[in-house]
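Biologist: I am new to this structure. Please show me how to read it, one feature at a time.

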Amino acid sequence: MSEWRIPLSDLAFDEREERAAVQVIRSRWLSAGPEVAVFEGEFARFVGTRHAIAVSSATAALHLALLAAEIGPGDEVIQPAINFVAAANMTVALGARPVLADIGSLAEPTLDPATVASLITPRTRAVVAMHYGGHLCRMGDLLDLCRERRLALIEDAAHAPGARYRSARADGLDGRMAGSLGDVSCFSFFANKNLSTGEGGMLTTDRDDIADTVRNLRSHGMTTLSWDRRRGRTGGYDVTGHGFNYRFDEIRAAIGRVQLAKLESNNERRRELVSVYRQLLSSSPRLILPFLERSSESAHHIFTLVADGPESRDHVVRSLADAGVQTSQHYPCVADFSAFAESAAASVPLSRDYAARTITLPLHPGLKASEVEEICGLVLRAVDSSGDHEPRADSRRS
Ligand SMILES: *Cc1c(COP(=O)(O)O)cnc(C)c1O
């Protein structure tokens, strides 16, 4: 239960998820088996890829995606400075170097293809594109660039299940789902994501070679699963790679199938709430509302705004907290974390400015439009009375 009157996110669960979990418990088979296989098939069909491979988290998926792209010591992986730390950590775990790219603008806090191009060196091997908030990156330009320079393109689609790319060009990309554009893509089913199973993730790809590598490394490099042996496939197994235990399990797969069936209607509800936020907040000249001008069909994982300064940001956050409304920051700039001191000198001024000024407001399918209206009223009052600018005469009293 939440301490907040209006929490940032909430599970969209009901008795259907409960029933799915109970059925698996009654089946007496918990580790990866038929539910995982069916969930993978349904997810692949939904995203439109040849393969979907369930794993224990998006971080595991990123690790395997980077391994499948043969990233190793000395390699460079270009990735956004505004991102959850998982991609950067997995890059370092492989002995490679995360090269942090600045965001395109405060209004479009995703990779800028021209900036990515300027960071390519002979050591660059891959680019990680993160679809911030569920809004797709400029994938047409990124794909052209990666093909031309022979780089792997990995989508971090943790925010974007159900998002659809829109392209005005005749590039065959119009209408493609997030997770079907790059060489390999990673989804998260963490508790606060659009499709949640508590912990969990999925890797999608059209490439058979990547799928083979990932299936092998997901389970110790072994050639069979316990489920195969249970089904009567006797005999031993070989170990053909140095893998991990990144497996998914039956209870979470069963919950994931229910969540997948609800995903599009839940994303639609998020879209409606975002349009209320946008309508009420776009009147303020002191706020930037990111992605207002972009036309991809977002999964609307989070709703963020950019205040006119760090003080203004803090004032809004405090005012909302006083009213029982939870907020967050997506994300601190990766270059500013202690563990990334080697990246501290990265030239990412827009990312640093964005991190200092962005606020994430509550968004989940169970949020009420009246709650969004209340939050917007609080935001507008706070931003109008904050210290980053001369207060207007009419806001001095508040
Ligand atoms: C949540 C998240 C991850 C990590 O997902 P896990 O499933 O928790 O490992 C990675 N990247 C982004 C952008 C995320 O939001």
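Biologist: Which side chain does the side chain of His135 join in a polar contact of 3.4 Å?

Modeller: A word on the basis comes before the reply. This is a predicted model, in which local features need pLDDT of at least 70 and side-chain atom pairs count only at pLDDT 80 or more, while totals for chains, interfaces and linings use all residues. Residues are numbered from 1 along each chain as its sequence is written, and side-chain values use heavy atoms, with hydrogens and water left out. A polar contact is a pair of N or O atoms within 3.5 Å; within protein, one must be able to donate a hydrogen and the other to accept it, and residues adjacent in sequence count only if both atoms are side-chain atoms. Here the partner of His135 is Ser298, at 3.4 Å.

Biologist: Where is His135 found, and is His135 buried or exposed?

Modeller: Helices (H or I, at least four residues) and strands (E, at least two) are DSSP runs, numbered from the N terminus. His135 belongs to the loop between β6 (124-130) and α6 (139-148). Buried means under 20% relative accessible area, exposed over 50%, and partly exposed in between, with a 1.4 Å probe and protein chains only. His135 has 7%, so it is buried.

Biologist: Why does Ala44 count as buried?

Modeller: Ala44 counts as buried because its relative accessible area is 8%. This residue is part of helix α2 (residues 34-47). Its C-alpha atom is 7.0 Å from that of Thr204, although 160 residues separate Ala44 and Thr204 along the chain.

Biologist: How many residues surround the ligand?

Modeller: A residue is near a molecule if one of its heavy atoms lies within 4 Å of it. The ligand has 15 such residues around it, and the closest are Ala58, Thr59, Asp156, Ser188 and Lys193.

Biologist: Which atoms lie 2.8 Å, 3.0 Å and 3.2 Å from an oxygen atom of the ligand?

Modeller: At 2.8 Å there is a polar backbone atom of Ala58. An N or O atom in the side chain of His159 is at 3.0 Å, and one in the side chain of Lys193 is at 3.2 Å. Taken alone, the ligand exposes 380 Å², of which the protein buries 93%; accessible areas come from the Shrake-Rupley method with a 1.4 Å probe.
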